[in-house]
Amino acid sequence: MADLSIRQALIADPQARSAEIAAAVAADPQLQQLQRQLLLDQVRIKQALTLDVPDTLAVKLLRQQMQLTQQTQTRRFTGAIALAASIAFVAGLTLNWFNYGFPDMTLGQHALAHVYHEAPYMDQMLAPQQLDQVNLKLASFGAELTDWSQSIVYANFCDFRGTRSLHLVMQTEQGLATVFVVPADNQLKFEHHFSDGTYRGRSVALKTADLVVVSENEQDLQQLPAKLQQQLKFI
């Protein structure tokens, strides 16, 4: 499927999960960003049509949408939201919205949105990462991991509302834990603890970056942040 066709398919249905689309998105950071932005646009539209919106709506909607699309790939948004979304996307919701839209989203909500967005195709992206290669990426943030024995199975740059950040996935005794290294000058509201019923998270403000750990396992949140604080050195 050509790149233009992939983009058109995502604009028509950001939740599209065919094997062909998933493979194309997994291999193209620009398509990943486009899909993430479209998902967040859907949240924004639904929030605009709902009164008394709770703070956690964005993340809850993303989680519910992911669960629904895994059950059926043919389901589509109906009624006003489908009409509003299709008109808005075709009329010109730009790729820059991710940097400016949903201004009240917190650091934790943004981290959860990343986790849910990448969950459907994360398994095919996991592979052992050499520590020196991870440190090459960390060097762009003025940091490095020293004496690190934890297995890292994913390392890639990502976007936290316009702030270039690093997304890591670590293998722990309990399973997988996600770690984000986000420069401290990001525009998201900081929060130490957050959760949504499936995942829990903890944020730590370090020298020049915010460290965000997300996991389904409480033990990861008890161990990883402290370990990272000790072994993530800023140059």
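## Salt bridge

One salt bridge, defined as a side-chain nitrogen of Lys or Arg within 4 Å of a carboxyl oxygen of Asp or Glu, is found in a search of the whole structure. The structure is a predicted model, in which local features need pLDDT of at least 70, side-chain atom pairs count only at pLDDT 80 or more, and totals for chains, interfaces and linings use all residues. Residues are numbered from 1 along each chain as its sequence is written, and side-chain values use heavy atoms, with hydrogens and water left out.

The salt bridge joins the side chains of Arg200 and Glu218, at 3.5 Å from N to O. Arg200 belongs to strand 6 (residues 200-205) and Glu218 to helix 9 (residues 218-231), so the pair ties together parts 18 residues apart in sequence. Helices (H or I, at least four residues) and strands (E, at least two) are DSSP runs, numbered from the N terminus. Arg200 is partly exposed, at 43% relative accessible area, and Glu218 is partly exposed at 35%. Buried means under 20% relative accessible area, exposed over 50%, and partly exposed in between (1.4 Å probe, protein chains only).

## Chain totals

The protein chain has nine helices and eight strands. Of its 235 residues, 49% count as buried. Contacts (heavy atoms within 4.5 Å) with a separation of 6 or more are made to 62% by residues 24 or more positions apart.

## The sheet and its helices

Six strands form an open antiparallel sheet in the order 2-3-4-7-6-5. Strands pair if DSSP finds at least two bridges between them. Strand 2 (151-160) and strand 5 (193-195) are at the edges with a single partner strand each, so one side of each has no neighbour in the sheet. Neighbouring strands are turned by 20° against each other on average, direction ignored. Three bridges join strand 5 to the antiparallel strand 6; Phe194 has Gly201 of strand 6 as its bridge partner.

Helix 7 (residues 107-122) packs on the sheet, touching strands 2, 3, 4, 5, 6 and 7, and its direction makes about 120° with that of strand 2. Helix 8 (residues 131-139) lies across strands 2, 3 and 4, at about 20° to strand 2. Axes are lines fitted to C-alpha atoms, for helices over the stretch in contact, and angles run from 0 to 180 degrees between N-to-C directions.

## Helix 2

In helix 2 (residues 19-27), the buried residues are Ile21, Ala22, Val25 and Ala26. They cover an arc of only 130° around the axis, which puts them on the same side of helix 2. The arc is that of the directions from the helix axis to the C-beta atoms. Exposed Ala19 and Ala27 are on the face turned away from the buried side.
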